[in-house]
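Reader: Could you walk me through this one while I look at it?

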Amino acid sequence: MLIPIIGLAIGVVVGIVSGMVFPAGYSAYVAMGILACLDSVIGGVYANLQGKFQGKIFSTGLFFNGIFAMALIWLGNQLSIDLSLAAVVVYGSRMFNNFSRIRIFLLNKEKKEIMIDSE
């Protein structure tokens, strides 16, 4: 469960310490890539809680979700259509859905532990 969270924390620290600054023209691409990767991390946490975490699926999902999100922004720019809103809605709703699943899983886990302890 902690592997995706530790990886995210290491990535944030490395990003802050490196002081790397992206040009303003790339900000939409970077933001969408981060949002898509964060969605994958939260999905990985949920899969790990269920005992269904698979490293290959997580790593390929992380990579391809980020690439797909940035490609969607690029395509929208080429067509003069703001597709970033669509990506934000999709990835945001998936993140909230996974957060609610994690919450329900943890609440039900406590309930099951209480039932086992009381028997």
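Reader: How many of the contacts between residues at least 6 apart in sequence join residues at least 24 apart?

Author: In this predicted model, 77% of the contacts between residues at least 6 apart in sequence join residues at least 24 apart, where contact means heavy atoms within 4.5 Å. Numbering runs from 1 along each chain as its sequence is written, local features need pLDDT of at least 70, side-chain atom pairs count only at pLDDT 80 or more, and totals for chains, interfaces and linings use all residues. Side-chain values use heavy atoms, with hydrogens and water left out.

Reader: And what about Ser 40, is it buried or exposed?

Author: Ser 40 is buried, with a relative accessible area of 10%; buried means under 20%, exposed over 50% and partly exposed in between, with a 1.4 Å probe and protein chains only. Ser 40 belongs to helix α2, residues 27-50, a helix being a DSSP run of H or I with at least four residues, numbered from the N terminus.

Reader: Which residues does Ser 40 touch, leaving aside neighbours within four places in sequence?

Author: Ser 40 is in contact with Phe 58, Gly 61, Leu 62 and Asn 65.

Reader: Changing topic, where does Val 90 lie?

Author: Val 90 lies in helix α4, residues 84-118, and is partly exposed at a relative accessible area of 43%.

Definitions and conventions: Helices (H or I, at least four residues) and strands (E, at least two) are DSSP runs, numbered from the N terminus.
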